[in-house]
Each structure stands twice: as C-alpha cells, then as structure tokens.
Amino acid sequence: MAEVTYYVALPFVFSDDDVAAGEATECFSANAAVMRAEALSRKPGHAGAVAFSRSGDPATGDFGDAKLIRKFGDVPDDLSTL
C-alpha cells in the first residue's frame with residue numbers, strides 16, 4: 001500500500017499537575033488541522049493545541065515521526081511523543 005499522510009489537531013487540557021494531551025481529531029488537510037487546532041486552543045479548559053502531520057503505511061503500521069505544523073497557546077515544548 002502507498003504511504004498516507006494524516007493531519008491531526010490535538011488539544012492540551014489542564015490537569016492536576018500540568019497539561020495533558022486531549023482527544024486528537026483527524027483532519028482532511030494541513031490547513032484544516034491548523035484551523036481546528038486554533039479553535040480547540042480557545043475552548044474553556046484547554047491550555048492550547050497543536051496541528052501536526054504523520055506519514056506512513058497503514059497496512060504495516062510503520063509511521064514516521066510527527067511533523068509539527070503549528071502550535072497555539074500553552075503546550076509542552078517536547079512533542080516527540082506525538
């Protein structure tokens with residue numbers, strides 16, 4: 001199967017000791033992910049959000065590292081676990 005790129009908006013919510021990742025939303029394009037992340041960053045209880053992409057082969061489950069497109073608000077500096 002061919003390589004596929006997924007675009008994602010991921011909010012970060014306030015937790016007891018810091019911020020934690022919320023529920024990710026898959027988007028149709030990089031622009032849609034950026035717009036969704038910006039909207040999520042403004043929701044009450046959310047510290048911020050990021051838009052990122054990830055490419056790989058869904059048949060084998062082999063995916064490359066996430067590539068940050070844009071971040072909004074207060075999000076962790078280390079996003080290597082995306």
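Trainee: Is S41 buried or exposed?

Mentor: Start with the scale: buried means under 20% relative accessible area, exposed means over 50%, and partly exposed lies in between (1.4 Å probe, protein chains only). S41 has a relative accessible area of 16%, so S41 is buried. Keep the source in mind: this is a predicted model, where local features need pLDDT of at least 70 and side-chain atom pairs count only at pLDDT 80 or more, while totals for chains, interfaces and linings use all residues. Residues are numbered from 1 along each chain as its sequence is written, and side-chain values use heavy atoms, with hydrogens and water left out.

Trainee: Where does S41 lie?

Mentor: Helices (H or I, at least four residues) and strands (E, at least two) are DSSP runs, numbered from the N terminus. S41 lies in helix α1, residues 30–41.

Trainee: What does the side chain of S41 reach?

Mentor: A polar contact is a pair of N or O atoms within 3.5 Å; within protein, one must be able to donate a hydrogen and the other to accept it, and residues adjacent in sequence count only if both atoms are side-chain atoms. Here the S41 side chain reaches the backbone oxygen of E38 at 2.7 Å.

Trainee: Which residues does S41 touch, not counting residues up to four places away in sequence?

Mentor: Contact means heavy atoms within 4.5 Å. By that test S41 touches H46, G48, A49 and F72.

Trainee: How many residues of strand β4 are buried?

Mentor: In β4, residues 46–57, the count is 10 of 12, so the strand is largely enclosed by the rest of the structure. S53 has its place in β4. S53 counts as buried at 11% relative accessibility. Leaving aside neighbours within four places in sequence, S53 is in contact with T5, Y6, Y7, D65, A66, K67 and I69.

Trainee: Which strands are joined to β4 by bridges?

Mentor: Two strands pair if DSSP finds at least two bridges between them. Strand β1, residues 4–14, is joined to β4 by 10 bridges, and the two run antiparallel. Strand β6, residues 67–73, has six bridges to β4, again antiparallel. Strand β5, residues 62–63, has two bridges to β4 and also runs antiparallel to it.

Trainee: Which residues stand opposite A49?

Mentor: P11 stands opposite A49. In β6, the bridge partner of A49 is F72.

Trainee: What do β4 and β5 form?

Mentor: They form a hairpin with four residues between them. In the turn, G61 has a positive phi of about 80°. F63 in β5 is the bridge partner of G56.

Trainee: How many aromatic pairs does the structure hold?

Mentor: A pair of aromatic rings is described by the distance of the centres and the angle of the planes. Rings of Phe, Tyr and Trp (its six-membered ring) pair if their centres lie within 6.5 Å; planes under 30 degrees apart count as stacked, over 60 as edge-to-face and the rest as tilted. The structure holds one such pair. Y6 and F63 form it, at 5.9 Å centre to centre with 45° between the planes, which is tilted.

Trainee: Why does the pair tie together parts that are 57 residues apart in sequence?

Mentor: Because Y6 lies in strand β1 and F63 in strand β5. Y6 is partly exposed, with a relative accessible area of 27%. F63 counts as partly exposed too, at 26%.

Trainee: What else does Y6 touch?

Mentor: Not counting residues up to four places away in sequence, the contacts of Y6 include E26, F52, S53, R54 and P58. Y6 and S55 are 49 residues apart in sequence, yet 6.3 Å apart in space, C-alpha to C-alpha.

Trainee: Where is V75, and is V75 buried or exposed?

Mentor: V75 has its place in the segment after β6. V75 is buried, with a relative accessible area of 9%. Leaving aside neighbours within four places in sequence, V75 is in contact with F12, G48, A49 and V50.

Trainee: Which pattern does the whole chain follow?

Mentor: Read along the sequence, the pattern is β-β-β-α-β-β-β. That is one helix and six strands. Buried residues make up 30% of the 82 residues.
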